[in-house]
Protein chains: 2
Amino acid sequence: MTNMDKLYQAVESRGPVCVGLDTDFSYLPADFVKPELTAGENIVRFNRAILEATKEVAGCYKVQVAYYEALGLDGLRAYRDTLAMVRQAGIPVIADIKRGDIAKTAEMYAKGHFEGDFEADFVTLAPYMGLDSISPYLPYAQKSGKGLFVLCRTSNGGAKDFEYEKLADGRHVYDLVGDKLVELGRDYMGEKGYSSIGLVIGGTHTEEAEEIRARYGSTFFLIPGYGAQGGKAEDIARYLNKGNGGTVNSSRGVLLAYKKQEGVAFDEAAYNECVRMKEDIAHACSLL
Amino acid sequence: MTNMDKLYQAVESRGPVCVGLDTDFSYLPADFVKPELTAGENIVRFNRAILEATKEVAGCYKVQVAYYEALGLDGLRAYRDTLAMVRQAGIPVIADIKRGDIAKTAEMYAKGHFEGDFEADFVTLAPYMGLDSISPYLPYAQKSGKGLFVLCRTSNGGAKDFEYEKLADGRHVYDLVGDKLVELGRDYMGEKGYSSIGLVIGGTHTEEAEEIRARYGSTFFLIPGYGAQGGKAEDIARYLNKGNGGTVNSSRGVLLAYKKQEGVAFDEAAYNECVRMKEDIAHACSLL
């Protein structure tokens, strides 16, 4: 069973919410911070509380490494400990690293993020340099079921700059990226009908949602952009296959939910927000 | 004075060779390794010896973070220490991180790699997600002269997959990327005629070298692909402006030079290779 199969099962049993542990130190409630600990140690405590509170209602977790790199070695210890705690809980974890480099270097990244201190179940990758920057991760898909999510059509405004450009053959740049990766994924199919090569498809700009979902039927989507970035449940539902086939990330929406729920503890607020989001998406799916 | 100005001066005084400290533990001669030290600690010793041996004949250094991430926290300590030793020597250092993410996340990467444990003079970035994934680094260009090298046309075979695709308007994808970044760079010009936004232009596939150099006259190039990847000095010379305006990376070619120079110590062999490469490029420039 591949990690993509496990992710499918996780979404089936706990829903499509992916909690983004993109934890900035400033997100921690002041009275939660223990001044005798480092920023990274406090972040791990916060992440643990979020994990414990939300693990029954989140399909998986995503850890954005940038927030940890920002704190140097202290942050990367927190990154290691955060990945380890999610994996120990038996829940799929995506390392949101968006790496992309020549094959020799990609081998090093694959080793760094699929083995050792920073081992994750999935990594996100950037496609700009081409397929030889993706293929070094595939031996890990083959031998240990690891999965990839490659950037295709992202949720940010800047997606218009290059991804949306029209090619001479009429496709968008992102279509070409998606088509090539889906083709590559055919050799890495799991039991649940999805390949080990997923795509990152932003939950915003959803005018082409149905077309994309139909075109990439056996591809699992990592869908950022819900909430803070403007993506709505009715749009996101169209990227899912009857509520599965994708996982919908929310980071600040969950971690900072306590700022919108007066008098509620941050972890309880995070739970409430996951439940609300899960129901919001399930409702939207039921209307399709 | 910007870091790009300092890099220009470094190339003027010591030549265009950029030594890539992309140090895999397996590169270290067996009799150099101290078994009581960690892999990362041994790599730092190796890098220090390379730096000491080559610093009079190298314009700058590039550190590929993937080789350090591959070793987890031990590797990232070595990464921190390697960056610090090059900066302490007063030599420009490029963090080859190829990050690319939404603005909020890019702010975190900028903080992580332009401040604190992993502070470097330059970072490499990936453009796929658009200009809002680049702009968060620019406040550092403004306030402390930091520089960027953004992937444009890379040296690997996979460059053909997306970068070389033709757009509806006849340009390659890489032309569009280059054009937009050069435009953005106009607001970040240094004293030496180059902006703080450089481009990564591979030293292979050089049929368009003169056109690219002419088109991006005020853009400094980071040029990978010399040697191991097949780039020749006569091609690379065309990407330079009379021997400046670019820095030419060699990693394995320098670090593993000792394997081709029988009976010569690894650091002396690295020095010899830098001198050979520097003369090879200077000769090619003199023939243009």
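This is a predicted model: local features need pLDDT of at least 70, side-chain atom pairs count only at pLDDT 80 or more; totals for chains, interfaces and linings use all residues.
A crossover counts as right-handed if, with the strands pointing away from the viewer, the path from the first strand over the helix to the second runs clockwise. I kept that beside me, along with the rule that helices (H or I, at least four residues) and strands (E, at least two) are DSSP runs numbered from the N terminus.

**Ground rules.** Residues are numbered from 1 along each chain as its sequence is written, while chains are lettered from A and ligands numbered from 1 in the order in which they are written.

**Confidence.** I noted an ipTM of 0.97 and a pTM of 0.98 for the complex.

**Barrel, chain B.** I traced 8 strands closing into a barrel with parallel pairing, in the order β1-β2-β3-β4-β5-β6-β7-β8. Pairing here takes at least two DSSP bridges between two strands.

**Around β5(B).** I found β5(B) (residues 147–153) paired in parallel with β4(B) (residues 122–125) over 4 bridges, with B:F122 opposite B:G147. On to β6(B) (residues 197–201): it pairs with β5(B) in parallel over 5 bridges, and B:V150 faces B:L199.

Two right-handed β-α-β units turned up: β4(B), α6(B) (residues 138–144) and β5(B) form one; β5(B), α7(B) (residues 173–185) and β6(B) form another.

**Burial.** Why is β5(B) largely enclosed by the rest of the structure? Because 7 of its 7 residues are buried (20 or more other C-beta atoms, placed from the backbone, within 10 Å of a residue's own).

Note on methods:
A residue is buried if 20 or more other C-beta atoms lie within 10 Å of its own, exposed if 12 or fewer, and partly exposed in between; C-beta atoms are placed from the backbone.
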